[in-house]
Amino acid sequence: SCSTASTPSEFFGQRPLDLGGQIQFYEFLQSITDAPILVRNGLPQETSTFIDAQTKSITVAMVTFAPEYGLASTISITATLSTEVSVDFSVGHYQSLEGDQLQQYRWVSYIGFILAVVILIEKVVTIAHKDVRAEIPGFVVDFIIQVFLPIVYFSIRLSQVAASKASILETVGTEGLAGVPWSSRSVSLGSKVGQFFDGLEKFEAKLSNESLMGTFYFVHATAALFRLIFQTSAHPRTAILVNTMIQAAGDLWHFVILFFVLNFGFIALGMAQFASEKSEFSTPLRSFETLWEMLLGSMIESGAIPSSTWSYNALLMLYLIFYNFFIFMIMLNFIIAIICESYLAVTAIVKSSDADQEFFTDVASVTKVAIKSLIFRWPGHMSVIHELSVLKRKRVSYRQMRVLFPDILPVTIGTFMKHYAAFEPIRRRSGAEHSDIKDATHEIVSQLSVMLRVPVPSVQEHLAESKNLQKMGYQGHVYESKRRNALLTANNVGPQLERTISLLTSLMEGGDMALADEHLQKMQLQRTPPEKQSLPP
């Protein structure tokens with residue numbers, strides 16, 4: 001290609017071609033390198049003049065094919081000629097699958113389709129047992145990443161792979177590059193070259209599709225990677241990364257703003273002052289790459305002579321020192337301080353929680369609960385969470401569990417309560433609250449004894465009643481109801497008072513001492529004659 005604005009109608013005896021959106025002149029590499037003179041249109045042309053002062057760039061394109069592997073490749077070496085010469089290369093591959101390999105790929109694709117459908121069913125079933133409105137955003141994200149994108153990718157890719165054999169035959173096979181009749185004298189050179197470049201363009205189109213699918217896969221895989229990182233927040237101990245980033249989000253956002261403002265200023269200053277001397281500051285992209293490498297600890301390369309070192313130019317030396325001071329020494333420590341502060345805040349919250357255990361300990365606990373739940377037929381964890389959220393209490397008793405789940409066998413509730421009562425934080429809290437509950441229980445029993453005009457039960461009577469209640473819990477709900485009705489009838493206590501006693505007992509066992517005392521005062525007020533009632537202050 002030429003550096004002038006106008007394109008000549010002919011160069012080196014050849015007319016220009018539009019290749020890849022650019023007007024280019026072509027010649028065979030062997031002809032240029034092996035022969036000193038070529039005859040084009042009846043005129044001799046010296047091959048040494050093919051590259052002249054008007055040449056802007058030159059590209060050497062080669063196509064190879066390995067039939068035993070079904071692999072076709074293109075290699076392009078491009079030299080750009082400007083104030084300095086830069087050389088770069090690119091390699092593209094296209095492989096066809098046939099026979100057993102194609103069948104294996106089909107099976108892999110089918111398995112991918114099945115997994116996508118299974119994941120979709122699992123997501124639908126999961127969201128059906130939760131708050132649908134709250135779970136919709138997460139469901140949409142999971143559907144796109146785990147279901148929609150894999151199905152789209154496997155559908156497109158499977159059709160491409162199935163047609164890869166025909167594509168190879170059409171581009172580099174006998175119907176493409178390999179089918180050019182170079183040895184035929186009846187076909188003109190122009191027709192041969194035209195057929196060659198047609199096959200090359202088709203092959204580059206296939207490589208472009210491969211690159212597009214590679215980009216699609218990268219985007220999908222990156223989204224899946226970020227989803228995996230976010231899913232580590234499922235357990236508080238492994239959620240340190242996600243929670244730290246969330247905690248530091250505000251400070252990080254303002255850090256990014258400040259970082260880009262300062263870098264923009266240094267890039268503009270570097271290009272304005274040193275673009276003519278240093279290739280590292282010749283373009284905005286080169287300047288950014290140079291400063292980014294300096295941020296990671298590198299410096300501008302220095303040559304063997306003094307004038308090529310970064311300290312030779314006093315202005316360049318001051319520029320690099322200022323950048324390292326503000327960006328490397330100060331800004332980098334800012335982000336470290338932000339991360340450390342957020343990390344300490346997150347770990348403090350994790351350590352203050354009694355419910356969180358070590359990761360594999362929690363995995364073992366969940367597995368144990370799943371096995372026990374299957375054996376003893378415990379109520380579903382979503383049902384338990386729902387009922388406890390309705391109660392709005394931190395503690396629940398055996399009697400409350402019987403009321404919440406009347407269809408569950410008493411022995412099942414007993415094993416459920418026994419399992420969770422063995423949890424260390426619950427035992428520790430129970431020990432700390434035992435004395436308060438004991439005092440509150442004694443106060444309630446005393447007030448009820450006065451209201452019912454019966455003596456306060458002795459220690460022996462308390463023990464006997466506890467044994468009876470324990471027996472009642474394991475002998476069925478019907479027997480318990482009959483025994484309670486018989487006791488109420490014997491003591492001449494009405495149903496309203498029984499409901500009050502049950503309510504007070506539940507409040508006491510749930511830890512709501514203030515509310516229990518309020519109900520006791522109301523109950524005492526109702527049993528007091530009107531002339532002796534007095535309102536509390």
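Biologist: Thr49 is found in the loop between strand 4 (43-46) and strand 5 (57-66). What makes Thr49 count as partly exposed?

Modeller: This is a predicted model, in which local features need pLDDT of at least 70 and side-chain atom pairs count only at pLDDT 80 or more, while totals for chains, interfaces and linings use all residues. Residues are numbered from 1 along each chain as its sequence is written, and side-chain values use heavy atoms, with hydrogens and water left out. Buried means under 20% relative accessible area, exposed over 50%, and partly exposed in between (1.4 Å probe, protein chains only). Thr49 has 38% relative accessibility and therefore counts as partly exposed.

Biologist: Why are helix 3 and helix 5 called roughly antiparallel?

Modeller: Helices here are DSSP runs (H or I, at least four residues), as strands are (E, at least two), numbered from the N terminus. Helix 3 (residues 132-162) and helix 5 (residues 189-231) pack at about 160 degrees, their axes being 11 Å apart. Axes are lines fitted to C-alpha atoms, for helices over the stretch in contact, and angles run from 0 to 180 degrees between N-to-C directions. Angles under 35 degrees count as roughly parallel, over 145 as roughly antiparallel, 65 to 115 as roughly perpendicular and the rest as oblique. Helix 3 and helix 5 are therefore roughly antiparallel. Their crossing is left-handed, a term used if the near helix is turned anticlockwise from the far one by less than a right angle, with right-handed for clockwise.

Biologist: What makes helix 8 oblique to helix 9?

Modeller: Helix 8 (residues 284-295) packs against helix 9 at an angle of about 55 degrees, with the axes 10 Å apart. That angle makes helix 8 oblique to helix 9. Helix 8 passes helix 9 in a right-handed crossing.

Biologist: How do you know that Asp142 forms a salt bridge with Lys123?

Modeller: A salt bridge is a side-chain nitrogen of Lys or Arg within 4 Å of a carboxyl oxygen of Asp or Glu. For Asp142 and Lys123 the closest N and O atoms are 3.2 Å apart. Asp142 lies in helix 3 and Lys123 in helix 2 (residues 99-128), so the pair ties together parts that are 19 residues apart in sequence. Lys123 also forms a salt bridge with Glu122, at 3.9 Å.

Biologist: What makes Glu170 and Lys202 a salt bridge?

Modeller: Their N-to-O distance is 3.9 Å. Glu170 lies in helix 4 (residues 164-171) and Lys202 in helix 5, so the pair ties together parts 32 residues apart in sequence. Salt bridges that share partners join Glu122, Lys123, Asp142 and Arg227 into one network. The structure holds five salt bridges.

Biologist: Where does Ile321 lie, and what surface patch includes Ile321?

Modeller: Ile321 lies in helix 9 (residues 314-351). Ile321 belongs to a nonpolar surface patch, with Leu315, Phe322 and Ile336 among the other members and about 900 Å² of accessible area together. Ile321 is partly exposed, at 42% relative accessible area.

Methods: Patch = residues over 30% accessible without salt bridge, like charges linked within 9 Å, V, L, I, M, F, W, Y side chains within 5 Å. Areas by Shrake-Rupley, 256 points an atom, 1.4 Å probe, with all protein chains shown as cover.
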